[in-house]
Amino acid sequence: MRPFLSRGLCLLLAVAFLAQPVYAAAKNAAKKTEARMAAAPSPAAARDAADRSDPDLEKEREIGRRALAQIEERWPLTSDPAATARLNMILDRLEPHMERRIPYEVRLVSTDVQNAFCLPGGYIFFTTGIMDLLKTDSELAAVMAHEMVHADRKHGLKMAAQSNKTTLAALAVVLLSGGALAPVILAQVAQVAITNAYSIELEAEADSRGLDALIASGYPPTAMVTLMEKFMDEELKQPIREYGIYMNHPDSRKRLQMALEKLHDLGIPVRRKHSLGLLRTGFRETKRRAELTVDGAVVWSGKRAPETRTALERARAVLDEDLQMELAPYDVHLVGGSLYIGNHLVGEPVKGMDSVEVFRQNLLKALDAARRKHPTAKYFQP
Ligand SMILES: [Zn+2]
């Protein structure tokens, strides 16, 4: 992918791929054998064999495998079984929602560069850098869905065919012939994937079909929105000069706008807290007190007693449903001495508990703290 992040970083990764000296491969060889055993896609063998009714697929797989071999020689795969299992679990959920039956495989590469990409034939790569940036499964799924669409719709090969002024069929012949041009075009195919140098139209298709897959697989669709917002945030941190040669790509702001419009057209409300892992409620009791928390901070508490527990449990259920990053300050309001979010009752005065005014103030503080953790979003935008 790296559909998403700053072009400069993509470029660095591409340069690393194309130019990293051979000795690095030798140096990593021992580590790699071990890493491959742990990180190479275990479900591959178990997955259904490639669809025989898709005559192009085996050629795409072969092209993908050749590019893959070059990448794996240069970059160490990580041996992080937990992260690999997590990515495979996400892959399993998304796979049924692609148009073609490609036996996808996902690999983890150890580098701080934030990137993900997919080679023709369904070889998906995530870097440890992007795993660190995206905390939740739903955001990882949004990235993966986008990348899978690139392979599903043959975007990489379409780009290579276009830049070599040839057809997809003729390109496959050249690539698989082993002729003098093959390595050059193969490097080109890999570079397009790694730097996400697809055309605006193909990027838009990957975003839109990726969002469809996200919705169909049951992940919170707002993940596509928070993802773009994070990329906008990352792009703001990059010096402008790094964008130069990728000026023809749609920026994250535009992609964000498209995702928001699509959700709006589908009647799906934007709810960022799940894909960000924020505004999480909790309940805890000490010897004397019972407390309701949001992201670890106490928002309402009282003397440890059955009435307190009942009030806190009720309030918690309402907050889980109704406390959203997108609330306007006046949505959390007092009516006749009771606290409401919209027209849902959150809490009434209870003897031995903090006042509902204090509860309201604490909720507003928790909301503010959550929004500060994801400052790029326009929360109150209609
Ligand atoms: Zn892309």
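Guide: Happy to! Let's settle on M325, which is buried because 21 other C-beta atoms lie within 10 Å, and the cut-off for that label is 20 or more. Please keep in mind that this is a predicted model.

Leaving aside residues up to four places away in sequence, M325 touches R272, K273, L278, L279, A370, R371 and Y379. There is also R271, 54 residues away from M325 along the chain, and the C-alpha atoms of the two are 7.1 Å apart.

N196 belongs to the loop between α10 (182-195) and α11 (200-216). N196 is buried because 28 other C-beta atoms lie within 10 Å. Its backbone deserves a look too: the phi of N196 is near 55°, a positive value in a residue other than glycine. K154 also has a positive phi, of about 55°, although K154 is not a glycine. That residue is found in the loop between α7 (137-152) and α8 (155-163). K154 has 19 other C-beta atoms within 10 Å, so it counts as partly exposed.

From loops we can turn to a sheet. Three strands make up an open sheet with mixed pairing, in the order β1-β3-β2. At its edges stand β1 (105-109) and β2 (116-119), each with a single partner strand, so one side of each has no neighbour in the sheet. From one strand to the next, the twist averages 20°. β1 and β3 (residues 123-127) run parallel and are joined by 5 bridges. Helix α5 (residues 81-94) lies across β1 and β3, and runs at about 150° to β1.

Finally, a word on confidence. The mean pLDDT of the protein is 84, and 83% of its residues reach 70 or more. Over residues 1-48, however, the pLDDT is below 50, and this stretch has 94 contacts in the model beyond near neighbours in sequence. Residues 241-249 also have a pLDDT below 50, with 10 contacts in the model beyond near neighbours in sequence.

How values were computed:
Residues are numbered from 1 along each chain as its sequence is written. This is a predicted model: local features need pLDDT of at least 70, side-chain atom pairs count only at pLDDT 80 or more; totals for chains, interfaces and linings use all residues. A residue is buried if 20 or more other C-beta atoms lie within 10 Å of its own, exposed if 12 or fewer, and partly exposed in between; C-beta atoms are placed from the backbone. Two residues are in contact if their C-beta atoms, placed from the backbone, lie within 7 Å. pLDDT is the predictor's confidence in each residue, from 0 to 100. Two strands pair if DSSP finds at least two bridges between them. Helices (H or I, at least four residues) and strands (E, at least two) are DSSP runs, numbered from the N terminus. Axes are lines fitted to C-alpha atoms, for helices over the stretch in contact, and angles run from 0 to 180 degrees between N-to-C directions.
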